Amino acid sequence: MSETSTALITGASAGLGRATALALAERGWDLIITARRAEPLEQVRRATGATAVPGDVADPAHRARLAAVLAERDRLDLALNNASALGPSPLPHLADLPLDAFGAVLQTNVVAPLAVLQLALPTLRACDGAVIDISSDAAVVPYEGWGGYGASKAALDQLTAVFAAENPRLRVYSFDPGDMRSAMHQAAFPGEDISDRPEPQTVVPALLRLIDTRPPSGRYTAAELSVAH
């Protein structure tokens with residue numbers, strides 16, 4: 001039985017997912033990574049030695065392929081649900097939000113993470129693993145234009161909290177990374193300069209602290225985890 005720590009990371013081709021994959025690979029973790037864009041994902045695979053499974057987590061056929069890969073492992077120490085969908089850009093008011101677009105956001109940001117947790121649960125239980133679902137301050141603050149995305153992340157927060165209550169042996173977290181200089185954040189502000197936002201890799205130490213210290217299940221922000229000890 002392998003004792004190497006293993007992580008499944010969705011949305012691993014860019015941003016926080018990529019930065020976390022690189023950091024965990026440096027620690028010697030065995031990684032399973034997935035994302036929609038195959039070429040950037042392949043670049044992360046080459047850099048980390050990960051098992052790469054390109055595809056969309058909102059697609060049941062792709063999740064079946066992930067399940068097959070997980071079935072070959074005897075443990076899963078971390079499931080990181082990082083893949084997210086923003087919705088239309090520029091961000092519309094709720095009165096103008098196309099309902100089919102909102103449905104697609106819910107599929108990626110709520111339904112898919114639950115589906116991933118359902119297929120990962122047996123291997124997570126095998127080693128009392130951890131779950132980290134990437135949230136947003138838009139889940140708790142009513143920013144104009146962010147209604148669809150924020151509602152999806154609020155739903156994910158509640159789903160995460162209930163999953164924690166139902167699986168007390170696991171550590172289950174919502175993690176709010178704060179603003180980051182990412183492609184998604186740029187899409188939310190088309191044509192604007194977002195260079196003042198921090199790079200995703202600056203958030204990784206807070207995420208690693210969550211993994212290392214395993215506090216009680218709950219919702220945590222990068223800012224509160226970044227306090228030096």
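**Salt bridges, a strand and a patch**

R75 and D77 form a salt bridge through their side chains, at 2.5 Å from N to O. Keep in mind that this is a predicted model. Both partners are covered: R75 is buried, and D77 is buried as well. For R75, the relative accessible area is 15%. The cut-off for buried is under 20%, so R75 falls in that class. R75 sits in the loop between helix 3 (60–71) and strand 4 (78–81). Its side chain has another polar contact to report, with the side chain of E3, at 3.1 Å.

Now the wider count. There are 10 salt bridges in the structure. One of them joins the side chains of D30 and R73, 3.0 Å from N to O. This pair connects distant parts of the chain: D30 belongs to strand 2, R73 to the loop between helix 3 and strand 4, and they are 43 residues apart. How covered are the two ends? R73 is buried at 18% relative accessible area. D30 is partly exposed, at 24%.

Next pair. R169 and D128 make a salt bridge, with the closest N and O atoms 2.7 Å apart. R169 is in the loop between helix 5 and strand 6 (171–176), and D128 is in the loop between helix 4 (99–126) and strand 5, so the bridge ties together parts 41 residues apart in sequence. R169 is exposed, at 60% relative accessibility. D128 is partly exposed, at 28%. Then there is a network: E39, E42, R45 and R46 are joined by salt bridges that share partners.

On to strand 1, residues 6–10. How many of its residues are buried? Five of five. Both faces are covered, with T6, L8 and T10 on one side and A7 and I9 on the other. Strand 1 runs parallel to strand 2 (residues 30–34), and five bridges join them. L8 is opposite I32 in strand 2. Between these two strands the chain passes through helix 1 (residues 15–26), and the β-α-β crossover is right-handed. Strand 1 also pairs with strand 4, again parallel, over three bridges. There, A7 has L78 as its bridge partner.

Last item, the surface. V140, V141 and Y143 make a nonpolar patch of about 250 Å². V141 lies in the loop between strand 5 (130–134) and helix 5 (147–166). V141 is partly exposed, at 33% relative accessibility.

That's the tour. Questions, please.

Terms used. Residues numbered from 1 in each chain as written. Predicted model: local features only at pLDDT ≥ 70, side-chain atom pairs only at ≥ 80, totals over all residues. Heavy atoms only, no water. Patch = residues over 30% accessible without salt bridge, like charges linked within 9 Å, V, L, I, M, F, W, Y side chains within 5 Å. Areas by Shrake-Rupley, 256 points an atom, 1.4 Å probe, with all protein chains shown as cover. Salt bridge = Lys/Arg side-chain N within 4 Å of Asp/Glu carboxyl O. Helix = DSSP H or I, 4+ residues; strand = E, 2+ residues; numbered from the N terminus. Buried < 20%, exposed > 50% of the residue type's maximum accessible area, 1.4 Å probe, protein only. Polar contact = N/O pair within 3.5 Å; in protein donor to acceptor, adjacent residues only side chain to side chain. Pairing = 2+ DSSP bridges. Right-handed = clockwise from strand over helix to strand, strands pointing away.
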